[in-house]
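Subject: Structure handover

Hello,

Here is the structure for you to open. Please keep it on screen while you read my notes below.

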Amino acid sequence: MCWKDRLCSRAQSLRKVAVKSGLYNRITEKRYLMDDNKIIELYWARDEAAIRETGLKYGRLCACIAGNVLSNKEDCEECVNDTYFALWNAIPDKRPNKFMAFIGRITRNLALKKYEYVSAAKRNMSAVMSLDELGDCVSGREGVESELENRRIESAVNDFLWQQDEQKRNVFIRRYWYFDSIEDICERTGFSRSKVKSMLFEMRRKLRVYLENEGISV
């Protein structure tokens, strides 16, 4: 398993924290839109209206996630469309408890897979740098790539983030879950570039120490 696949698996805890902290809700437009359970019922009924309702409610979220990984508009649109296709195939076998998080995870994984196939010139360098940065503290080793170990790491990262203050936690999630650039984070928070970089560096350092104290190889 390549390091990007390992990071993709281990960063799933950021998704959970993002949902709890409300970052998903700030991206999605929820007024006058169908309830998630009703959309899922449409998928189970094999009603193609499910895709339309999903696009209306979560299309912006999917585009945001894909766009932060892929710098090409066409690749981003393809990834969003592939997300709807994946949902259509997945939901008859699964009934997600958190539909929004389920969609976000699918889009992110598809975008990272697409990322592997596009040329270096088309890659979003912010995403490349984000993965490189996070790899410094959770790169892991081949010998621990079991589902049990991944869950353990996910739980540890999740616990660590919830011990941080909201400001730092949200900056960390924006960088390593959404792949926002440093400049985008500065614009969202009003922090200087040096402050954001300092916050991320310190969070990575603390996360590495935390994981080592938990007996997790880094």
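Is Glu 78 buried, partly exposed or exposed? Glu 78 counts as partly exposed, because its relative accessibility is 35%. The cut-offs are these: buried means under 20% relative accessible area, exposed means over 50%, and partly exposed is in between (1.4 Å probe, protein chains only).

Some ground rules come next. This is a predicted model, where local features need pLDDT of at least 70, side-chain atom pairs count only at pLDDT 80 or more, and totals for chains, interfaces and linings use all residues. Residues are numbered from 1 along each chain as its sequence is written, and side-chain values use heavy atoms, with hydrogens and water left out.

**Salt bridges**

Side chains of opposite charge can pair when their charged atoms come close. A salt bridge here is a side-chain nitrogen of Lys or Arg within 4 Å of a carboxyl oxygen of Asp or Glu. The structure holds 10 of them.

Start with Glu 78. It forms a salt bridge with Lys 114, and the closest N and O atoms are 3.3 Å apart. Glu 78 lies in helix 6 (residues 73-90) and Lys 114 in helix 7 (residues 99-117), so the pair ties together parts that are 36 residues apart in sequence. Helices are DSSP runs (H or I, at least four residues), numbered from the N terminus. Lys 114 has 22% relative accessibility, so it counts as partly exposed.

Asp 75 joins in: Asp 75, Glu 78 and Lys 114 are linked in a network of salt bridges. Asp 75 sits in helix 6. It is buried, with a relative accessible area of 12%. Asp 75 and Ala 111 are 36 residues apart in sequence, and their C-alpha atoms are 8.6 Å apart in space.

Next, look at Arg 193 and Glu 183. Their salt bridge has its closest N and O atoms 2.2 Å apart. Arg 193 lies in helix 12 (residues 193-213) and Glu 183 in helix 11 (residues 182-189), so this pair ties together parts that are 10 residues apart in sequence. Arg 193 is partly exposed at 42% relative accessibility. Glu 183 is partly exposed too, at 45%.

Helix 12 also holds both Glu 212 and Arg 208, 4 residues apart, about one turn of the helix. These two form a salt bridge, with the closest N and O atoms 3.6 Å apart. Glu 212 is partly exposed at 43% relative accessibility. Arg 208 is partly exposed at 32%.

**Helix 5 against helix 6**

Two packed helices are described by the angle between their axes and the distance between the axes. Helix 5 (residues 49-69) and helix 6 pack at about 135°, with their axes 9 Å apart. Axes are lines fitted to C-alpha atoms over the stretch in contact, and angles run from 0 to 180 degrees between N-to-C directions. The two helices are therefore oblique to each other. Oblique is what remains after roughly parallel (under 35 degrees), roughly antiparallel (over 145) and roughly perpendicular (65 to 115).

Which residues meet? Those in helix 5 include Gly 55, Gly 59 and Ala 63, and those in helix 6 include Cys 79, Thr 83 and Leu 87. Contact means heavy atoms within 4.5 Å.

**Helix 10**

Finally, find helix 10 (residues 166-176). Here 8 of the 11 residues are buried, so the helix is largely enclosed by the rest of the structure. Among the buried ones are Val 171, Phe 172 and Tyr 176.

Best wishes
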